[in-house]
Structure formats: structure tokens, C-alpha cells
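Please examine the structure shown below.

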Amino acid sequence: METIHLTYPLTAETIADTARPQILAIGQFDGLHLGHASVIETAIRLAAEAGLPSAVMSFHPHPKEVMKKGDYEGYLTPPEEKERILRGMGVDYLYVVEFNDAFSRVSPLNFVCGMLLPLQIQTAVVGFDFRFGYRGEGHASMLRELSEDSLEVNIVPPFLIEGEKVSSSDIRKALQEGNVRLVERWLGRPYAMKGTVMHGEKRGRKLGFPTANLQLDEHFVLPAKGVYAVRANYGGTALSGVMNVGVKPTFHDNVSRPSLEVHLFDFNGQLYGESLLVEVIDFIREERKFNGIDELIAQITRDAETAKQLLSSSD
């Protein structure tokens, strides 16, 4: 998959380098949940049938981040994670359009005529609730009309699980409530965060549970404070473990920024400076303050055993 960064308006050079007959899925696609996958997989299928490349157009930064409104609390799939997943789906081209204040004011007509048609998009594939252009004035059924019928449009219906529409906003809410099982069901995979292991307070090793202090590489949505059963991918190897997301109230007061500390079972190697992709498998308990070190160690021991059981049952 080739990733191509675009800014509006497209330059003649950009058009010359990127324009080609293609089938394009358009959307923010934050999370790449099963609803998004249904849109993208439709584009891939149509492209294969037409003998054309498949493409995805997404936008960065997130419009809610630029416009300073809504429930923006970070990304479910920041750019690097989004690229990783789309590459695995078999997409040929990923267009990342810079979303800024000027682009937010582009009219629906100018988006179609100044962005889609110059790229030689043959078919645009969008979700049923797709909106575009200034103040979201454009909707899916307008794409063909604004292109004067030169653009075919395929509108994908909502993706339902047990009668509920899968949406990024509800996935964010479930994460912030610690409901990671629901998140996995709607994403079609465990929620994952990637980061670099940094030096921390080294308190875990003294307690008998060495932890990797994970500094996230990008602005991920954090799950609710608490303890989770996790799997970490390190150098292609899957490692089971337990992760605490929180402020460590037993040792700190008035700390507001949560940290992520991962204890990996049966691992004694050196991880400082290494990259970890951590999949959040299940919620164990809320973070709480303990009365002393012995009480904390006893609880961590129970958490580790609970995590092992949960991970074993999820295999």
C-alpha cells in the first residue's frame, strides 16, 4: 500500500502523480471498526471486479480536533495504526488529506470538482451517514449530482450488531467506561495502543512485578482507569500480561495524567527504548488506593492470576 498526503487545492504536479482510474472509499474511519470495514471492503471488491486499484481517503487531523468541538479525546486509530490495518486489508492507496481551517470551508461542490474528479475517481464508496464540505452540507446522495453524473456512488448501509449501529463515538464511550469486550466486538479485533518503553519509577521491580512504563507514540483514546488483561507484541512475539492505566493513588496524590504500566508474564528481558503494541483484552478492576505495600502486592498477585485466566479463556 502506498500512502499519499494531499492538501487542497491539488497542484498540477500532485494530479499528474496521483490521478488514475480507481475505486475510492471516503471517510474519517477513526477506529476502522466493522462498519468502516464494510465500506472499505466494498471498495476493494468493486475495484477487483473492475480491474482497478482500490483506495481510501481519510483526513488528518481529526475534524473535531481542528474545529475544537464534540467529544474528541484522541484517536482510536492514529495515522500509523490506521495505515497498519489498511495495509493488512489489501488497500492499494491511502490518501491522507490535510484537514485545516481552510479545508473545513471548502464547499461540497469544490470538494467533488477540486478533489475527487481530478484524481479520476470512478466510484466513490461511502457510508450511509457520510457528510462532506462546509458545515457538513454535502451528503452521500449529492456526490453523483455534483459531479454531473460522472461519478458513480455506492452507499453502504449501517452495520448493525444485535440491532445496534456500530459507531466510533459509541466505541469511545465504551472504552472510557472500561467495556473493552464491547469495543473488541465492534472493532472486530482487540483495541490496541502502541508506545515506547521508557524509564519509570522502577517501583514495580521492588514489589516483585517489574513493569514496562509505556509512553504512547500517538494520541490514542485511553481506556478507563483500572487494571486490564493484555497481550503485547514485541518483535513479532505475543506476550501475555496485565496493565494498569491510572495515577497510582497508593503512591501519589493530585496526579491527573494517567500512566500505562505493563507487567509481562514470564519475561525477563530488557525493554527500555523498545516498541510495544499492546492489545487490551479484558477489564479486571478499577484503580484504587491501598492501605499499604503488602495489601497492594496481594492485589497485584490476584490481578495477575485473573489476567492469566481471562487470557487463557480468550485464546
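Helix H6 (residues 108–116) lies across S1, S2, S3, strand S4 (93–98) and S5, running at about 125° to S3. Helices (H or I, at least four residues) and strands (E, at least two) are DSSP runs, numbered from the N terminus; contact means heavy atoms within 4.5 Å. Axes are lines fitted to C-alpha atoms, for helices over the stretch in contact, and angles run from 0 to 180 degrees between N-to-C directions. The model is predicted: local features need pLDDT of at least 70, side-chain atom pairs count only at pLDDT 80 or more, and totals for chains, interfaces and linings use all residues. Residues are numbered from 1 along each chain as its sequence is written, and side-chain values use heavy atoms, without hydrogens and water.

The strands form an open sheet of 6, in the order S1-S4-S3-S2-S5-S8, with parallel pairing; two strands pair if DSSP finds at least two bridges between them. Strand S1 (2–6) and strand S8 (152–156) stand at the edges with a single partner strand each, so one side of each lacks a neighbour in the sheet. On average, neighbouring strands of this sheet are turned by 25° against each other, direction ignored. Strand S2 (residues 22–26) and strand S3 (residues 54–60) run parallel and are joined by 4 bridges; Leu-24 has Ala-55 as its bridge partner in S3.

Helix H2 (residues 34–50) lies across S2, S3, strand S5 (121–127) and S8, at about 155° to S5. H2 also gives the most to the lining of the largest pocket, with 4 residues.
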